[in-house]
Amino acid sequence: MKIFAAEEIRQLDQYTINHEPIKSIDLMERASQSVVQFITGKWNTATSFVIFAGPGNNGGDALAVSRMLAERNYSVKTYLFNTKKELTPDCEQNKQRLEALGSKVEFHEVTNEFEPPALNDCVIVDGLFGTGLTKTLTGGFSALVKYINASKCEVVSIDVPSGLMTEDNSLNVDANIIRATYTLTFQQKKLSYLFAETQEFIGHLEVLDIGLSKQGMQEISTIYTMLEADDVKAKMLPRPDFAHKGSMGAALIVAGRYGMAGASVLATKACLKSGVGKVTALIPKKNNDILQTCVPEAVLVHDKDEEIITDSIDSQPFNAVAIGPGIGVDENTAIAVISQIRRGNAPCILDADALNVVASHRAWLMQLPKGIILTPHPKELERISGHSVGDFEALSKARELARTLQGYVILKGHYSALCTPDGRVIFNSTGNSGMATAGSGDVLTGILAGLIARGYNQEDACAIGMYVHGLAGDIAAEFVGKESLMASDIITCLPKAFMKLKK
């Protein structure tokens, strides 16, 4: 599923208008009807509404909603802010339609002074600004937003909470953004809705299908997409009936200093659960008994050091190499990491401490091979690419890193984002907050190594890996709940996740 930026949303609206064909005012009517359907399904006529409309098309939506609610005998008080006396054509037409109702609705057009209404025991409908907003609200509008936020009323925002930009909010002012109880967005999630920093403004999100052109969605290009089950199913490789251990690939996991053997266990187990034929783990000698006991299926190679990784080994026998979980950042370990990368012919995944090693030896960045996979969480990305002001900038830096390295960067989060060498971003749609637990990333690393060794190319392995990882987490949450979910629960549920996708 594509995620369109603001300009692409406008293109899609226009494409629908041109090709359905439908007048823009009628498309607005259709969108407003979907909002009214939500509102009337939630509140009856005993609830009164105060509606704030801006001068653009978002305001036109709000005026149409006001009219439709009044026609259904709801008590509606509506304020249209027209301080520049410049409404869009569709907003103007909906103003006239609303005025035609006469006394059925209390309507105020604000052109100069504004006496704010009391906001008690009502539902507020926010239609001040939508996807066209490109700068922080100031002056009277920022004061109105603060007034609305200070009330105890529930707030329904049409398409976008006013004041929130649809992409980059790094320079925005939080106090000047509506904090919606419900955001009723049209057709698809906006890009900024996928970022952690915007969740306090969105509230409960409902995506309303307003019948925008499916052909237009196919033809209009965007760098952002959302991964869905059908996308993943289409990428899945069959498992041949005559497969054997040697034909299913071999993976190398370099993980776990002494005291962090669990990272080795999690990554190695997850790798084995992802279809690979054979997994070898390079570990310090002191971790031998733990790995032998917890993952007897793995082949173990001992580092000469008792407690840390200081060796690299020939990677020729392996189809994938994963380095990093729990290895620490000792200088001898750092040298072993870059040595292992240089010895590699197989696709390589860097996670956790391997990323921290690269971040502290910046000259090594340019020595990373094409096609490499990096799986940073935001702090790890910051160590590599510098501080980011906001989530959009962090995503932009992850994109730039993928393009510079000609590799793949999975920026981990609620909607993990796979950044590709050609500048695209693929967001994951699975996973839950229960997965915010130690070891979850180690599991993802193991899954990725297993899939690549199994025969998937890097992009497909990353897409399938992050989707399956999240899906297994969702299945685990059904059994143990989000609070009690552990990384090992994700591994336990990997078989069910794969089976669900194979059905």
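**First stop: two helices in contact**

Select Leu355, Asn356 and Ala359 in α12, which meet Glu380, Arg383 and Ile384 in α13; contact here means heavy atoms within 4.5 Å. The residues of this contact comprise three nonpolar, one polar and two charged. In this classification, Ala, Val, Leu, Ile, Met, Phe, Trp, Tyr, Cys and Pro count as nonpolar, Asp, Glu, Lys and Arg as charged, and the others, Gly among them, as polar.

The model on display is predicted: local features need pLDDT of at least 70 and side-chain atom pairs count only at pLDDT 80 or more, while totals for chains, interfaces and linings use all residues. Residues are numbered from 1 along each chain as its sequence is written, and side-chain values use heavy atoms, with hydrogens and water left out.

Now display the whole of α12 (residues 353-360) and α13 (residues 378-385), which pack at an angle of about 20° with their axes 8 Å apart. Helices (H or I, at least four residues) and strands (E, at least two) are DSSP runs, numbered from the N terminus. Axes are lines fitted to C-alpha atoms, for helices over the stretch in contact, and angles run from 0 to 180 degrees between N-to-C directions. The helices α12 and α13 are therefore roughly parallel to each other (angles under 35 degrees count as roughly parallel, over 145 as roughly antiparallel, 65 to 115 as roughly perpendicular and the rest as oblique).

**Second stop: α15 and α16**

Select residues 440-454 for α15 and residues 458-480 for α16; these helices pack at an angle of about 140°, with their axes 9 Å apart. That angle makes α15 oblique to α16. Among the α15 residues in the contact are Val443, Leu444 and Ile447, and the α16 side includes Ala461, Cys462 and His469. By class, this contact holds ten nonpolar, four polar and no charged residues.

How many disulfides does a search of the whole structure find? The search finds zero, a disulfide being a pair of cysteine sulfur atoms within 2.5 Å. Select Cys419: the nearest cysteine sulfur belongs to Cys462 and is 10 Å away. Cys419 counts as buried because its relative accessibility is 0% (buried means under 20% relative accessible area, exposed over 50%, partly exposed in between, with a 1.4 Å probe and protein chains only).

**Last stop: Asn149**

Finally, select Asn149 in helix α5 (residues 139-150). Asn149 counts as partly exposed, at 25% relative accessibility. Asn149 and Ile178 lie 29 residues apart in sequence and 6.4 Å apart in space, C-alpha to C-alpha.
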